[in-house]
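Dear colleague,

I am passing on the structure we spoke about, and my notes on what was found in it follow below. Please read them with the model open.

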Amino acid sequence: MPLSRSLSMTSLSGVLPAWEEDELPVEDLLLFEVAWEVTNKVGGIYTVIQSKAKITVDEWGENFYMMGPYFEHNFKTQVEGCDPPNPAIRKAMDALIHNGCQVHFGRWLIEGSPYVILFDIGSAAWNLDRWKGDLWQTCNIGLPYHDREANDSLILGSLIAWFFKELTDNLGDKPNVIGHFHEWQAGPGLILSRSRKIPMATVFTTHATLLGRYLCAGNVDFYNNLDKFDIDKEAGDRQIYHRYCLERAAVHCAHVFTTVSQITAVEAKHMLHRKPDVVTPNGLNVKKFSAMHEFQNLHSTSKARIQEFVRGHFYGHLDFNLDKTLFFFIAGRYEFSNKGADIFLESLSRLNYLLRVHRNDMTVVVFLIMPAKTNNFNVESLKGQAVRKQLWDTAHAVKEKFGKRLYDALLKGQIPDMNTILDRDDFTIMKRAIYATQRHSLPPVTTHNVLDDSTDPILSNVRRIGLFNSRNDRVKIIFHPEFLSSTSPLLPMDYEDFVRGCNLGVFPSYYEPWGYTPGECSVMGIPSVTTNLSGFGCFMEEHVSDPAAYGIYIVDRRFRSPEESCNQLTQFMFTFCQQSRRQRIIQRNRTERLSDLLDWRYLGRFYIHARHLALSRAFPEKFKTDPMAPLKTEGFRYPRPYSVPPSPSASIHSTPHHSDVEEDDDEPYDEDEEAERDRLNIKAPFVLGTVPEGKKKQPGESGN
């Protein structure tokens with residue numbers, strides 16, 4: 001049945017709680033955001049600072065600057081060079097340039113067009129030994145000569161501290177300067193600025209602790225042993241002690257320390273020995289994904305494109321109904337355990353068993369989008385797409401001939417004889433096309449030739465669980481070891497379009513400080529699986545009374561054994577497979593409705609609070625704030641929906657049946673009515689703080 005559009009991103013604008021923090025006098029301040037990823041795409045931090053730029057520019061105008069390393073190619077393709085509007089910044093840059101260090105200024109060509117100041121590390125490399133000595137004299141941290149990344153971060157940090165010294169000398173007492181530093185690569189700039197007593201407020205954000213990422217990559221039971229690790233020894237064993245020291249020194253030098261999620265805050269308290277002052281969750285520019293009332297239509301369009309790929313990939317074995325096929329996917333860096341690919345594959349094996357035992361007619365095609373080393377496309381995959389295209393061309397040729405003869409017969413007032421309307425040649429062409437689809441091998445598990453496939457973690461586990469895309473399997477696997485691109489000859493789709501066409505994103509990560517992938521699914525109206533060890537999962541548990549009702553399935557990987565977590569993930573996926581088409585449409589509407597929670601317009605307020613706190617600590621005589629007062633960042637909490645629950649347990653027969661049949665539900669559903677209910681029933685604002693010790697927050701408790 002046709003459903004009207006759910007609550008759009010603008011519909012809740014009047015419901016977002018008012019910001020109670022006193023607004024900063026931005027005309028009397030300069031804000032500098034420092035990160036290695038400014039104009040330089042390396043990892044997820046690039047997404048954070050790029051997407052956040054617009055709301056920061058809207059707030060700060062020409063008093064906001066971003067700082068990072070200069071790379072010629074990036075500058076030419078992403079930055080429009082110009083002169084700095086502030087004469088004090090011009091003087092500070094000239095001071096460095098006159099001493100042989102190149103500094104570049106311009107506007108970053110992204111939404112918001114923020115100003116960027118980029119430092120040429122190569123031009124200042126001749127100072128490295130002297131600056132290493134300064135770092136040792138300052139804080140007794142020595143950097144080995146072979147660690148290029150650490151040495152480059154020291155050069156960048158020394159240039160930034162030098163720049164801030166020149167700038168503050170030129171400015172005097174007004175305007176005051178705020179420096180926000182991201183990750184350990186920006187740490188040396190903060191350490192040196194503070195050690196030289198430069199008058200500025202500083203904020204340091206860690207998006208993931210160095211040691212945490214290394215430990216989890218080694219399959220360590222991380223979260224149950226946080227208080228038992230010998231931090232110095234673990235860092236030394238992994239030859240990152242000097243990097244760890246830079247990170248920890250930056251954390252303790254900053255006026256305000258922030259992390260991106262509650263789970264990372266717990267980790268930072270043990271790894272870095274400082275409790276974060278503020279949690280600053282990562283957001284998205286939701287407008288980019290809102291698709292103006294058409295996200296359901298876009299889902300259908302993108303799904304049809306994925307179905308075309310599946311028709312080619314499984315030619316000769318296409319004995320399942322694509323109208324009763326669900327598309328699941330996992331995507332991200334190839335960190336097999338950290339990203340949860342291990343538990344996902346094991347759960348797929350169990351899901352396959354359940355679907356076969358219950359004789360469920362639903363088929364699940366699973367895509368694993370993780371870049372690995374390959375040498376070319378798989379020949380069978382390319383052949384499959386060629387066969388599909390040949391069949392399509394044959395069908396169209398016969399259709400044209402059939403249509404012309406039918407048209408001629410009808411013009412003459414005759415009903416054509418269907419036995420003669422197609423001649424022998426037509427049947428021969430069709431038979432040859434059918435014979436061309438015969439295949440004696442199983443459809444390939446991977447779309448590319450993977451190097452070292454005998455030791456590849458995903459392929460090794462696929463062999464272990466025995467999911468080889470046989471006819472009896474209800475779960476089919478496609479490993480795509482490259483990021484998606486619209487120019488690919490196999491699956492010509494951008495990542496965003498691909499996500500829109502899938503039914504469920506599965507991200508059962510063990511180590512995920514935030515997790516943009518499930519967030520991107522949510523703002524596009526695609527349900528997803530996450531965990532309570534990811535920042536996104538913790539955030540949703542805090543804001544939504546019943547996350548599963550809104551298409552956010554949260555696997556407990558913190559307080560359950562791996563076996564229990566695997567069973568829980570299996571049950572989530574099996575429950576999803578039992579939903580009717582109507583239930584999935586309703587759930588997608590609900591999922592998209594959560595997009596306001598992930599909008600920088602809401603989440604940006606956490607950064608505002610962090611800056612205000614830093615100013616009050618750096619310049620207490622000018623900026624006042626009550627250090628004992630709780631964070632005034634009021635959130636909102638979605639209640640459980642009133643309408644038919646998405647779980648089939650309460651709304652469909654216990655015996656598995658055709659999942660796409662539109663049964664007559666006893667309970668009526670009106671999407672507009674439910675959207676209005678959600679807007680009116682958003683629970684009273686609550687303080688986003690920690691739960692007092694001894695009190696366990698109950699599911700659905702608003703925290704008032």
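A pocket is, on a 1 Å grid over the protein atoms alone, an open set of points where a 1.4 Å probe fits, with protein on both sides within 12 Å along at least five of seven lines, and its lining residues have an atom within 4 Å of a point. A volume is the space filled by probe spheres set on the points, which are joined across faces, edges and corners.

This is a predicted model, in which local features need pLDDT of at least 70 and side-chain atom pairs count only at pLDDT 80 or more, while totals for chains, interfaces and linings use all residues. Residues are numbered from 1 along each chain as its sequence is written, and side-chain values use heavy atoms, without hydrogens and water.

The second largest pocket has a volume of about 1800 Å³; among its 50 lining residues, G43, G44, I45, T47 and R333 are the closest to its centre. Helix α1 contributes the most to this lining, with seven residues (helices are DSSP runs of H or I with at least four residues, strands runs of E with at least two, numbered from the N terminus). Domain 1 (26-285) and domain 2 (287-378 + 444-598) each provide at least three residues of the lining, the bounds coming from an automatic or database domain assignment.

Elsewhere, six strands form an open sheet in the order β14-β11-β10-β15-β16-β17, with parallel pairing (two strands pair if DSSP finds at least two bridges between them), and its edge strands are β14 (475-480) and β17 (552-555). Within this sheet, β15 and β16 are joined by two bridges, and V506 stands opposite V529 in β16.

Best regards
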